[in-house]
Structures are given as C-alpha cells and as structure tokens.
Amino acid sequence: MKTKIVYFGTPHFAAEVLQYLLDLEVPIVGVVTQPDRPKGRSLQVTHSPVKELVLQKAPHISLLQPEKASEAHFLEELSKLGADLFVVVAYGQILPQRLLDIPPKGAINIHASLLPKYRGAAPIQRCLMDGEAQTGIAIQKMVFQLDAGDVIATSKVPISEETTFGSLERDLIEAAKPLLMSVLEQYDQGVPRGIPQQHSLATYATKIASNEGEVDWHQPAKVIHDRIRAFSPRPGAWCWIEVAKEKKRLKILHSKCVDVKGLPGQLLSNQTVGCADGALQLLEVQPEGKKAMSAVAWLHGQKNVSFLV
C-alpha cells in the first residue's frame, strides 16, 4: 500500500483498529492521540490505549499529543509528516477545517453507527438504550460539521436482546477492520466518491452523563434492561439497595426480562425485581467494593436486602 497515513485515535476501539493496520504494515507516518490524563480514584496520570500501543509496538512512529488540535505548532508538525490521508477513529476532539485541509486526499472517519443515525459521541450506548436491532460501521469523509460527511462504505452489525456495550464494541471493531482496509485500497487509486447523507434523518448520540446509569424501577422492564446492556461492563448501570439497614450501590451487569408481575423494586423469586411493566431477572451484579458475581451467589450471602425506589 502506498497511501501514507496519519492516524488519530484515543480509546480501546481506536487502539484495536490501529493494531490491525500495523499488522498489515500500512504506511503510518504519525499517530495523534489525546494528552495523558489523570484517571481513577488515585488520579494517576495515564496514557491513552493508542499511546500505549505505539510505545510498545511502534516506537519509531511520530507520536503527537496536542492539548488542542487547533494549535499552530501542532498543525505545523502535522504538515511536516507528509501524509496523503488522515484516518480518525474516536479521537475525542473537534478537528478544525485547516487541519482537515492538510492532506491532499483529505480525512476519513470510522463512526460506530449507520449514519446519519446516531451522530455524536456515544453511538454504541445510545443504540442499545433505544433497543435497536441493528447498527454498524460507517466510514465517512470528514467535514467541519459533526459526522455529516459523505459516506464511502458501511457494514451492518446485528444486535440481540443479550448484546451488551462490551460485546457490541467487539463486533463493531471486527467489522471496522476489513471495511477500513477496503477503503484505504480505494484511496491508493485516487479519492473515492461518497454518498451524501440524508441530513433530515439524522439523530444524535449525545455524551453519556454520569447520572444516566441509575436504574428507576418505575420504568418498564425492557427500558431498564436496555439501559443495563448499554452500560455493561462499563461504567455499569446501578441501583440503590438497603442491606442490614445500610444504603449501598449495586451495579447490574447482566439481566433478563421476564413475564412476572410485582411492585416496582419488589424482590421476587429467582433473583427477579418488579418493574412498572413486567420484571427483571438479575443475572450478574457487582456489589459496592467487590468484584462482579452471579446474582444467585450475591443473594445467597445476603440477609434483609431490599431495592430502594
């Protein structure tokens, strides 16, 4: 392959795709990722997954970490790399037009939805929360408007009732790899044409807020189940429980809708909790300060537990 690339990406998803390109010896002349950030309770400064990969597997590649992608010094360094094309995968910053104009073949983006649906920051979580039966990958030409560029290629991915954020992310990564490679092969021959999006059909996947993981037992079981799937394994949907008169958080990682009636928050048989419509059988949970475990094992060791509503 002769098209020289600068790769922009930050999280696990982007690191997996980058590893694929490195394995195929795609000519990557530079990698751009977010600056190191404090993480976790200890606030220890941590590299992004993309930076970790470059340091371990490709230390010869130029690694850039601008605080802002609009910095003049950064744009100058980027121009000197001599890339033909920019490839962007969950980078995490808005890219200015003058950056998009640098490479002669432009910039493309891998987006984890079938555009124009779920433009924005959280397409995987939002499609699960909405109970979608299908999503996919779209590779688009980048423009200075959120996920609004012409679409070059797509790949559809089915969603089952048991699909979680973790499993769907894996499926989307695997779909993205060969799709990106086929698009890069097209760029070796020139600049491929894309199909304009129907902007009137656009929906938006806004960033997940910290309070969205809380379970409300006054909602229907299907709504709660979809929220649990969207937040599993991270950051985890959660509810308040009372154990031995002490209020605690309980993460719910896996669940199943069952046709049983009960009051919202009422603990029924077989690890089942009543909802506004139907009930939810808990399959895997994570008690506060402990590791994930089966709901059977957790309830077996509890006395006088109740779900707060």
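Helix H1, residues 12–23, has twelve residues and spans 17 Å from first C-alpha to last, close to the 16 Å expected at 1.5 Å a residue. The expected span is 1.5 Å times one less than the number of residues. Helices (H or I, at least four residues) and strands (E, at least two) are DSSP runs, numbered from the N terminus. This is a predicted model, in which local features need pLDDT of at least 70 and side-chain atom pairs count only at pLDDT 80 or more, while totals for chains, interfaces and linings use all residues. Residues are numbered from 1 along each chain as its sequence is written, and side-chain values use heavy atoms, without hydrogens and water.

**Helix H1 and its contact with H6**

- Phe13, Ala14, Ala15, Val17, Leu18, Gln19 and Leu21 are the buried residues of H1; buried means under 20% relative accessible area, exposed over 50%, and partly exposed in between (1.4 Å probe, protein chains only).
- H1 packs against helix H6 (residues 165–187) at an angle of about 40°, with the axes 10 Å apart.
- That angle makes H1 oblique to H6; under 35 degrees counts as roughly parallel, over 145 as roughly antiparallel, 65 to 115 as roughly perpendicular and the rest as oblique.
- Axes are lines fitted to C-alpha atoms, for helices over the stretch in contact, and angles run from 0 to 180 degrees between N-to-C directions.
- In H1, the residues His12, Phe13, Glu16, Val17, Tyr20 and Leu21 meet residues of H6, including Leu172, Ile173 and Met181; contact means heavy atoms within 4.5 Å.

**Positive phi values**

- Most residues other than glycine have a negative phi.
- Alanine 90 is not a glycine, yet has a positive phi of about 50°; alanine 90 sits in the loop between strand S6 (85–89) and helix H4 (97–100) and is partly exposed, at 38% relative accessible area.
- Glutamine 271 has a positive phi near 55°; glutamine 271 is in the loop between strand S11 (246–258) and strand S12 (272–274) and counts as buried, at 19% relative accessibility.

**Cis peptide bonds**

- Most peptide bonds are trans.
- The bond from leucine 115 to proline 116 is cis, with omega near 15°, and proline 116 lies in the loop between strand S7 (107–111) and helix H5 (123–129).
- Arginine 234 and proline 235 are also joined by a cis peptide bond, with omega about -5°; proline 235 lies in the loop between helix H7 (221–230) and strand S10 (237–243).
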